[in-house]
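Here is a friendly walk through a two-chain model, meant to be read with the structure open beside you. Keep the viewer handy as we go.

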Amino acid sequence: MNEEEIEKLVRALNDSAPFYTQFEFWIATVIGAASVYFSVKAFKEAREAKRAAFEAGKTVKIQTITIELTEIAQRLDKLDFNLSFSEARDLLNEISRRLRRLIAPFQETPDLVTPCLNLKNALDGAKDALEEVRPQNPEDELPPNTIYFATQGHFSNISGLVAEIMGLFEKRTIEVNEK
Amino acid sequence: MNNETNELMDYLFRIAKKSLAGEIPWSQPNPSTFQWIQNSGSDSFIVTIQKADAPRGLRSKGLLDISFDSKEESVYLFQVQDRLNKQTAISLSSKERPEIFSALDKIYHGAEKGMDVRATSVLKRLLDI
């Protein structure tokens, strides 16, 4: 490019209007800005939807656990007055296994630490109480309510603690739904 | 306490005293229960005294008096059952009737000690042979 051509180019640039005064520039700018705005908005909404789906999944899981806890509490409340040792042992083994499995993921959760610990202690207490009435001779003629008397208080205590944990789960579900 | 309760307590303390002396042949069908089978003529009765621990938070002194406590406490159940027709003739629980707790506690400990007294006597006889 020679000197004359450069002068011509400089003159042409000086004579033409600045780019920002052109209508096309502003149309392109507005469209670009709107695209960025909607992209950011879409990203935020997608992130919010992902979080909501995760919380909904957690809520469904907690509701499933609550239903199972309700079933256990109902079984504990319908204790037979003529409960035999083997029936009490089987019931305690079953509810102990199910409850420990259900509360295991929540044992480190701050508001559930104490209720979970109390429940585990109550299960251990019931096991000890049952050991105290383990028959030494199957032919002994014991009153039919012997096992009931020894274990009813412990089963009732477990039922109360299960209800407490259910209440805390329900509170969590309400908190998630309110968000 | 009325006269009937006093009389009942008197009998319960007499059982406790005889138990402590080893005069009642208690047996132990399980770690928390003592049993005494008494035959008198055509009647035959099974007497049981059972001890249970009331778990924390469930201390009840009757249907309308439930208090919460952090310590475990023992409750006793004293029952007399007719051996023939299996009917329960007497059922006394210290949970429902706290006024008889001391009497039932004495019977339970009397049965425990009485078994030791009888065991000692048997061992003594064995060694004397």
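## Where the chains meet

The contact between the two chains draws 20 residues from chain A and 20 residues from chain B; two residues are in contact if their C-beta atoms, placed from the backbone, lie within 7 Å. On the side of chain A that touches chain B, α4 and α5 of chain A are the elements that give two or more residues, and α5(A) has the largest share, 7 residues. Helices (H or I, at least four residues) and strands (E, at least two) are DSSP runs, numbered from the N terminus.

Sorted by class, this side of chain A has 8 nonpolar, 8 polar and 4 charged residues. Here Ala, Val, Leu, Ile, Met, Phe, Trp, Tyr, Cys and Pro count as nonpolar, Asp, Glu, Lys and Arg as charged, and the others, Gly among them, as polar.

## About the model

This is a predicted model, in which local features need pLDDT of at least 70 and side-chain atom pairs count only at pLDDT 80 or more, while totals for chains, interfaces and linings use all residues. Residues are numbered from 1 along each chain as its sequence is written, and chains are lettered from A and ligands numbered from 1 in the order in which they are written.

## Chain A

Chain A has 5 helices and 0 strands. Its radius of gyration (taken over C-alpha atoms) is 35 Å, well over the 16 Å that the globule rule gives for 179 residues, so chain A is more spread out than a compact globule. That rule is 2.2 Å times the number of residues to the power 0.38. Along its principal axes, the C-alpha trace of chain A spans about 125 × 30 × 20 Å.

Buried residues account for 20% of the 179 in chain A. A residue is buried if 20 or more other C-beta atoms lie within 10 Å of its own, exposed if 12 or fewer, and partly exposed in between. In helix α5 of chain A you will find A:Gly167, which is exposed, with 12 other C-beta atoms within 10 Å. A:Gly167 and A:Thr66 are 101 residues apart in sequence, yet 8.8 Å apart in space, C-alpha to C-alpha.

## The sheet of chain B

In chain B, 5 strands form an open antiparallel sheet in the order β1-β2-β3-β6-β7; strands pair if DSSP finds at least two bridges between them. The edge strands are β1 (27-30) and β7 of chain B. β2(B) and β3(B) are joined by 8 bridges, with B:Phe34 partnered by B:Ile49 in β3(B). Between β3(B) and β6(B) there are 10 bridges, and B:Thr48 stands opposite B:Gln79 in β6(B).

β6(B) also pairs with β7 (residues 88-93) of chain B over 5 bridges. Their hairpin has 5 residues between the strands, and there B:Lys86 takes a positive phi near 60°.

## A core built from both chains

The largest nonpolar core has 47 residues, and those with the most contacts inside it are A:Leu119, A:Ile158, B:Ile49, B:Leu104 and B:Ile107. Such a core is a set of buried Ala, Val, Leu, Ile, Met, Phe, Trp, Tyr and Cys residues joined through C-beta atoms within 7 Å. Elements that each supply at least two residues include α4 (113-131) of chain A and α2 (101-128) of chain B, while the largest share, 11 residues, comes from α5(A).

Beyond its neighbours within four places in sequence, B:Leu104 is in contact with B:Leu12, B:Ile49, B:Tyr76, B:Phe78, B:Leu92 and B:Ser94.
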